[in-house]
Amino acid sequence: MKITQREVGSAAILDLNGKLTGGPDADAFRDVFKSLLEQNKKHIIVNLEKVSWINSTGLGILIHNYNTVRGAGGDMVVMHASERIESILYVTKLNLLFKSFNSEDEAVRSFTAAR
Amino acid sequence: MGKNNVEQMILNIPSDLKYLGAVDAAIQDLAREFSFSPDAINDVSTALVEACSNAIEHGNHFAKDKRVVVTLRFNGGDFVATVQDEGRGFDFAKALRDEAGPDPMSERGRGILIMRAFTDDLKFKCDDKGLTVELTKLRGGGGDAGQ
């Protein structure tokens, strides 16, 4: 899986490309989040538009980093999840944990709206 | 392949997550061939990829000398897959009883939840060869994944 980083307003957006399945992905993801928090960037959007699928280990990676960001006083949301991924979030009830957006603008605004 | 015939394909893959894409492509193509709906195709591939992920990670622990054998069988339009690893298995009876799933903040424990939600029947069998997961998706079935 490839991770590309960009910024919009106060938010750091991570564009993921590939399959989120664990293994080396977990370390790469954790390193990116650690680096962002070290730079005091605590509003993180995970863009799932180009993630073809995710398994339970991939969900664990998302939860781990969500917990890390929340523990640091920040927040993490997801955007552009496919129907397939949305249905996985639904059956695992993670749709109740992760805010999910279909628009980048809405995802970026969610951090200021939550204040 | 005819819709009413029993058709079977066996994939024998290394214990490496990079082969999940090949399994996903195979089941998507076959399910399409057997006129499964797009939603049903997503269901069976999601459940199968999850089963294979677990076999590679938790069954074989990524061991290079261990394989995962995936059997894809279409029978009268219904789909049955088995995924066999070379691991020692786990207390699947206990796991199957836990319908609520893990704590929302827990990083683990959602594999069975996913496999069960996207199939119509889920079975486990453990013997001296390893653990076998059997996933069944009925052509007219829905699983529990509908929103």
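Modeller: Before we begin, helices (H or I, at least four residues) and strands (E, at least two) are DSSP runs, numbered from the N terminus. This is a predicted model, in which local features need pLDDT of at least 70 and side-chain atom pairs count only at pLDDT 80 or more, while totals for chains, interfaces and linings use all residues. Residues are numbered from 1 along each chain as its sequence is written, chains are lettered from A and ligands numbered from 1 in the order in which they are written, and side-chain values use heavy atoms, with hydrogens and water left out.

Colleague: In which strand of chain A is the place of A:D15, and is A:D15 buried or exposed?

Modeller: The place of A:D15 is in strand β2 of chain A, residues 11-20. Its relative accessible area is 17%, and the class called buried takes in values under 20%, with exposed over 50% and partly exposed in between (1.4 Å probe, protein chains only). By that rule A:D15 is therefore buried.

Colleague: Which side chain does a polar contact of 2.6 Å join to that of A:D15?

Modeller: A polar contact is a pair of N or O atoms within 3.5 Å; within protein, one must be able to donate a hydrogen and the other to accept it, and residues adjacent in sequence count only if both atoms are side-chain atoms. The side chain of A:D15 has such a contact with that of A:N47 at 2.8 Å. The partner at 2.6 Å is the side chain of A:R6.

Colleague: Which backbone nitrogen does the side chain of B:E86 reach?

Modeller: B:E86 lies in the loop between β3 (78-84) and α3 of chain B, where it is partly exposed with a relative accessible area of 35%. Leaving aside neighbours within four places in sequence, its contacts (heavy atoms within 4.5 Å) include B:N60, B:D65 and B:K129. At 2.7 Å, the side chain reaches the backbone nitrogen of B:R67.

Colleague: What is the phi of B:F62, which is not a glycine?

Modeller: B:F62 lies in the loop between α2 (38-59) and β2 (67-75) of chain B, and it is partly exposed, with a relative accessible area of 37%. In chain A, the residue A:K93, in the loop between α3 (83-91) and β5 (100-101), also has a positive phi, near 65 degrees, without being glycine. For B:F62 the phi is positive, at about 65 degrees.

Colleague: Which side chains meet in a salt bridge?

Modeller: A salt bridge is a side-chain nitrogen of Lys or Arg within 4 Å of a carboxyl oxygen of Asp or Glu. The count between chain B and chain A is 1. At 3.3 Å, N to O, the side chains that meet are those of A:R84 and B:D24.

Colleague: Which element gives the most to the side of chain B that touches chain A?

Modeller: The contact takes 28 residues from chain B and 25 residues from chain A, and 9 residue pairs are in polar contact across it, both residues at pLDDT 80 or more. The elements giving two or more residues to the chain B side are α1 (20-33), α2 and α4 (111-117). With 9 residues, the one that gives the most is α2(B).

Colleague: What area is buried between chain B and chain A?

Modeller: The size of an interface is often given as the accessible area lost when the parts come together. Here buried area is the accessible area (1.4 Å probe) that two parts lose on being put together, summed over both. Carbon and sulfur atoms give 58% of the area buried between chain B and chain A, which is about 2000 Å².
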